[in-house]
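Thanks for coming. Please have a look at it first.

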Amino acid sequence: MASSTLESVNDESSHIYIPKIHKTIINLGYFLARSFNEYAFHLVENNLELNRHEKNKLGIHFILNQVIQAVNIDREHKKLFYYKTDEKVIEYQLVKRIFNTLPSVIKYGKVGFREFIEEQDYEAWKSPTEAQLSFRNFRNFLKRYDLKHLESEFLANVNIKLSLLP
């Protein structure tokens, strides 16, 4: 990776464009921190006491809103996602559920965003199979969690759809 590219990247960076692969790599951790802050504020502001299913539904709602914001950062390039995992956090489970239904490419790792970017010269991104390129699973996912209102935001905007495809 070029040193000029790496100089601007740290673990708190939201994204970086990699000219070599013509894609933008999104630091999902950055957006999940914002998502959690919005989620916590919403719970406190509205004095909500929710059961586990309702908390998951609300968490997914806020995570998907941040994914939309992440995709809108750079509309000209396809997106790849990186998430530094912590399997003990419920957020990890929600991210896995979401990205198992989206046709986007995501990599999970234990290193920070900067270190992950440094290693990209030596790693290949796995392309999804034909079955994974459909938004049908994502639509069913939104129906299951009663989040149909987000479907129009994701699927009506062609730029969002195209940048989520690998």
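Predicted model: local features only at pLDDT ≥ 70, side-chain atom pairs only at ≥ 80, totals over all residues.

**Helix packing around α4**

I start with α4 and α6, whose axes come within 7 Å and cross at roughly 135°. On the α4 side the contact is made by Arg-97, Ile-98 and Thr-101, and on the α6 side by Asn-137, Phe-138 and Phe-141. Sorted by class, the residues of this contact of α4 with α6 are three nonpolar, two polar and one charged.

The protein chain has 166 residues, and 43% of them count as buried. Its secondary structure comes to eight helices and four strands. Read from the N terminus, the order of elements is α-β-β-α-α-β-α-β-α-α-α-α. Take the contacts between residues at least 6 apart in sequence: 69% of these join residues at least 24 apart.

Back to α4 itself. The helix has 12 residues, which at 1.5 Å a residue should span 16 Å, and the end C-alpha atoms are 18 Å apart, which agrees. Which residues of α4 are buried? They are Glu-91, Tyr-92, Leu-94, Val-95, Ile-98, Phe-99 and Thr-101. As for what these buried residues pack against, the partners are α2 (28–45), α3, β3 (78–84), β4 (105–109) and α6.

Thr-101 is in helix α4, which covers residues 90–101. Is Thr-101 buried or exposed? Its relative accessible area is 11%, so Thr-101 is buried; the cut-off for buried is under 20%. A polar atom of the Thr-101 side chain lies 2.7 Å from the backbone oxygen of Ile-98. Setting aside residues up to four places away in sequence, Thr-101 touches Ser-134, Asn-137, Phe-138 and Phe-141.

Next, the partner on another side, α3. Helix α3 runs over residues 52–73, 22 residues in total, and reaches 32 Å from its first C-alpha to its last, close to the 32 Å expected at 1.5 Å a residue. At the start of α3, a side-chain oxygen of Asn-51 comes to within 3.1 Å of the backbone nitrogen of His-53.

Asn-56 is also in helix α3. It has 10% relative accessibility and therefore counts as buried. What is Asn-56 in contact with, leaving aside its neighbours within four places in sequence? The residues are Ile-90, Leu-94 and Arg-97. For Ile-90, the separation from Asn-56 is 34 residues in sequence and 8.7 Å in space, C-alpha to C-alpha.

As a reminder, two packed helices are described by the angle between their axes and the distance between the axes. For α6 (residues 136–144) and α7 (residues 148–155), the axes come within 8 Å and cross at roughly 150°. The two helices are therefore roughly antiparallel to each other, the cut-off for that being over 145 degrees. Phe-138, Arg-139, Leu-142 and Lys-143 of α6 meet Lys-148, Leu-150, Glu-151, Phe-154 and Leu-155 of α7. By class, this contact of α6 with α7 has five nonpolar, no polar and four charged residues. Phe-138 is also among the residues that Thr-101 touches.

That is what I have; questions are welcome.

Technical notes:
Residues numbered from 1 in each chain as written. Heavy atoms only, no water. Axes fitted to C-alpha atoms, helices over the stretch in contact; angles between N-to-C directions. Parallel < 35°, antiparallel > 145°, perpendicular 65-115°, else oblique. Contact = heavy atoms within 4.5 Å. Nonpolar A, V, L, I, M, F, W, Y, C, P; charged D, E, K, R; others polar. Expected span 1.5 Å × (residues − 1). Polar contact = N/O pair within 3.5 Å; in protein donor to acceptor, adjacent residues only side chain to side chain. Buried < 20%, exposed > 50% of the residue type's maximum accessible area, 1.4 Å probe, protein only.
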